[in-house]
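Dear colleague,

Please find the structure below, followed by a summary of the findings.

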Amino acid sequence: MNPSPPRDSLLWLVAIAVFMQMLDTTIVNTALPAMARGLGESPLRMQAVVIAYSLTVAILIPASGWLADRFGTRAVFLAAIVLFTLGSLGCALSQSLAQIVGARIVQGIGGAMLLPVGRLAVLRTFPGAGFLRAMSLVTMPGLAGPMIGPTLGGWLVEAASWHWIFLINLPMGLVGLVWAVRVMPDLRGEPGRRFDLGGYVLLATGMVAVLLALDGLPLRRGGYGVLCGLFGVGVLAILAYARHARRSTQPLFPPALLDVRLFRVGVSGNLVSRLGSSGMPFLIPLLLQVALGYSALQAGLMMIPVAAASMFIKRPAVWLIGRYGYRNVLVVNTFLVGLAMASFGLIGPGHPVWLLVVQFAAFGAVNSLQFTAMNTVALRDLKGTLASSGNSALSMVMMLSMSLGVAIASGLLAFFSGLSVAGGEVSVLAGFQATFVCIGLLSALSAAIFWRLGDDAVRAPQAPIDV
């Protein structure tokens, strides 16, 4: 059999990288209770394992393109695989929560460069019309990650131990490394392009400070005064970045992005909407295992309806947007997302399994439609260099909102569980129920943002964005 052409081999390499990242993002949540037992922690305090990874990715996304231009796609992609694999090994060897959080940060450094650099290599290898087809092939394996990850994570926890959810990355990383050495091209950008280090430090400081304050607030780590001060520092750093970007000749993200109304509304709505929905993958496995007594494998299997419905709705989503327009779809669907999330507050002992499946599938469908519509509308009117910058900014916002969403969900869960009557499962379940209602309301609030899209936002998307 003849070997695949180098261009096709590149697509398969980037597809493996996408699959590794998506699998790792979804496999961890199901294993959190088992990890908590192994590390001697409360399963309701394990959010740092998720936040450390997503926040690291969000922070490094703005730098990934410059690193690839400066050092070449081949060197950066190889470094990303090595860091991701070493971080996975570090997670498996961790003996404490602090150690695994540190290893997840290393993993996140690698993960932050895998997809953006791989996508950049594909863009420069398949220019023009060929890029859309190439990226469609690359992202298809990634769609299997949410389907496989939770179930595989539950099975590994029961068949072996939680360590194996990270150890399975080692052979994939080794294969990817050898393959990348052979097929990843060494592509570089224009020489001499300056990196906005000052703006990057301000933006990264703002994101980290705000998230640490939100994560610590419900538990009063360090006292309310310190946490409020930390939040204030974060807000000031973000405002300072906005001022810096207006004055800089080569900012991280061109201020002209915010002059594009659809991008401005799409990104702000994206952030608020995801503050609620991003906490769901973290909360659902905990609800099933901690409050309802499901095994890890059973909890993983229950996530299949969410992923299946998410994939099923992709094609109808394009028709719905073309038929009713972005604003109508997003305003109505945002309320449906909030309602679906709040309905999880009705779940309790004796809840029929078939009804759980219906609720999970309904949430998966409307949440996937939400992602497709709001991501596509944000990028629809961007042209030229703004398209690349806007895509990076949107990716950063999505990962940041994932971190913030998990921090808010875990904080609400800790707060409501503490208010409940002490005494086991009843108080924990009540905490979950109140948390689902609150984050459902939070997501529904973003409907007011999408209402500002106006009647002109009616064209169907050229290509749905599936993240």
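Is D24 buried or exposed? D24 counts as buried, because its relative accessibility is 0% (buried means under 20% relative accessible area, exposed over 50%, partly exposed in between, with a 1.4 Å probe and protein chains only).

This is a predicted model, in which local features need pLDDT of at least 70 and side-chain atom pairs count only at pLDDT 80 or more, while totals for chains, interfaces and linings use all residues. Residues are numbered from 1 along each chain as its sequence is written, and side-chain values use heavy atoms, with hydrogens and water left out.

The structure holds one salt bridge, that is, a side-chain nitrogen of Lys or Arg within 4 Å of a carboxyl oxygen of Asp or Glu. The side chains of D24 and R104 form this pair, at 2.9 Å from N to O. The pair links distant parts of the chain, with D24 in helix α1 (residues 6-39) and R104 in helix α4 (residues 97-125), 80 residues apart. Helices here are DSSP runs (H or I, at least four residues), numbered from the N terminus. R104 is also buried, with a relative accessible area of 2%.

V260 lies in the loop between α9 (224-247) and α10 (261-277). V260 is buried as well, at 16% relative accessible area. Apart from neighbours within four places in sequence, V260 is in contact with D381, L382 and L386 (contact means heavy atoms within 4.5 Å). V260 and D381 are 121 residues apart in sequence, yet their C-alpha atoms are 7.3 Å apart in space.

L89, in helix α3 (residues 73-93), is partly exposed, with a relative accessible area of 32%.

Yours sincerely

How values were computed:
Helix = DSSP H or I, 4+ residues; strand = E, 2+ residues; numbered from the N terminus.
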